[in-house]
Amino acid sequence: MPSIAVEQPVGIIGAGSFGTAIANLLAYNVDVLLYSRQAPLVQQINETHRHLDVDLSPRVRATNDLQELAQSCTLLFPVVPSNSFRKMMHSLGPHLRPYHILIHGTKGFDAPEQLFQDTDDGKPVSRSDVSTMSEVILQESVVRRVGCLSGPNLASEIMEGQPTATVIGSAYDEVISIGKQVLSSEHFHVFGTYDLLGAELAGALKNIIAIGSGVLKGKGLGKNIQAMLITRGLTEMVYFGNAMGSQSSAFFGTAGIGDLVATATSKDSRNFTFGYRLGQGEAIEDIEATMPELAEGVRTLQIARKLARHYKLRVPITDMLYKIVFENFDIDRAIHFLITYPYDVDVDFI
Ligand SMILES: NC(=O)C1=CN([C@@H]2O[C@H](COP(=O)(O)OP(=O)(O)OC[C@H]3O[C@@H](n4cnc5c(N)ncnc54)[C@H](OP(=O)(O)O)[C@@H]3O)[C@@H](O)[C@H]2O)C=CC1
Ligand SMILES: O=C(CO)COP(=O)(O)O
């Protein structure tokens, strides 16, 4: 067992929906230090022990001081959106030492801003342009013991105290065991896997398919076609994973099919909701302007589309969703394209 004293608090960076849900889960076992960059929010949390309409455990204390966080905690859970992750690591990195352990909960990729401005025909992207969050941690700090948290973990359900499970991906036994030690409870089962990359890819890529599933629901379509989208979407996730170096098995576990089912069928998912509103005919600008929280899958879709070109992958669902979201492609034409797509092998991977 690694040497983390249970009397030491565990840190969380990002007091958003998921960071707050994780804070209450951790508080079953340990004291928690929750970092927010907003000083008034820190004060409010410490005074009221309420945030996002949820009662926080008395074991959760908030701080606005990254140095205090890094000095007080060996184990840290960064839970900020992927578009802020590298910036957050720039601020946190100088405070970190090799003894720190970071397990992130972010489901997305990091890529240079230029990639998001380029048109689809712009500069091609290669794997070295795209980083997972654990790769960002390794690039931006001296920390080596990294991991990720991935699974069907809709924050709203966790905050209601509903049970679920997650998987910690890491190359290090001690990261998996310490993560289990602090997170496991009668509400939360924690699996472990050495396939960190697979768990990260599954967590990010399922958001694309959740958008697609929402589109179908928004169009008023039923379970048959939703099931087929999830099935073929999972196949595309495996193609991406295999091309990028993870095993197929990652996509059939908690981080893969587990999270895919939750996110692609729940109105509590922001990605599903984004797709649902598209399917209902709303313009993307209107959806983005009125959705306070980010749908990670929109950004992941841009990156995945370029990676698919790089790896020459056959991923028609990803292609069609890209065209719907970024090129105003007609949804009915996209569905027709996919149903008549000339490829009939059911399962072509192992
Ligand atoms: N919500 C969910 O159900 C789940 C979410 N996730 C993943 O967790 C990640 C975060 O999602 P979620 O919590 O829902 O998002 P939210 O939008 O609810 O919250 C994001 C939080 O990150 C903070 N933040 C942003 N940039 C920085 C920074 N540079 N330094 C410190 N804090 C920062 C924001 O702070 P500020 O308020 O100051 O902007 C905000 O509190 C996403 O990748 C998501 O996919 C994973 C599983 C479940
Ligand atoms: O990843 C999630 C649940 O596991 C959360 O999904 P959304 O970001 O779509 O809300």
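Modeller: Domain bounds here come from an automatic or database domain assignment. That assignment gives domain 1 (10–194) and domain 2 (204–339). The model is predicted: local features need pLDDT of at least 70, side-chain atom pairs count only at pLDDT 80 or more, and totals for chains, interfaces and linings use all residues. Residues are numbered from 1 along each chain as its sequence is written, while chains are lettered from A and ligands numbered from 1 in the order in which they are written.

Colleague: How many residues of domain 1 are in contact with domain 2?

Modeller: 27 residues of domain 1 are in contact with 26 residues of domain 2, a contact being two C-beta atoms, placed from the backbone, within 7 Å. The C-alpha centres of the two domains lie 24 Å apart.

Colleague: Turning to the largest nonpolar core, which residues touch the most other members?

Modeller: Ile12, Ile22, Ala23, Leu26, Val32, Leu34 and Leu321 do, out of 102 residues. Such a core is a set of buried Ala, Val, Leu, Ile, Met, Phe, Trp, Tyr and Cys residues joined through C-beta atoms within 7 Å; buried means that 20 or more other C-beta atoms lie within 10 Å of the residue's own, with C-beta atoms placed from the backbone.

Colleague: Where does this core lie relative to the domains?

Modeller: Domain 1 and domain 2 both give residues to this core, so it lies between them.

Colleague: And which residues come nearest to ligand 1?

Modeller: Gly14, Gly16, Phe18, Ser84 and Ala155, of the 27 residues around ligand 1; a residue counts if its C-beta atom, placed from the backbone, lies within 6 Å of the molecule. The shell draws at least three residues from each of domain 1 and domain 2.

Technical notes: A residue is buried if 20 or more other C-beta atoms lie within 10 Å of its own, exposed if 12 or fewer, and partly exposed in between; C-beta atoms are placed from the backbone.
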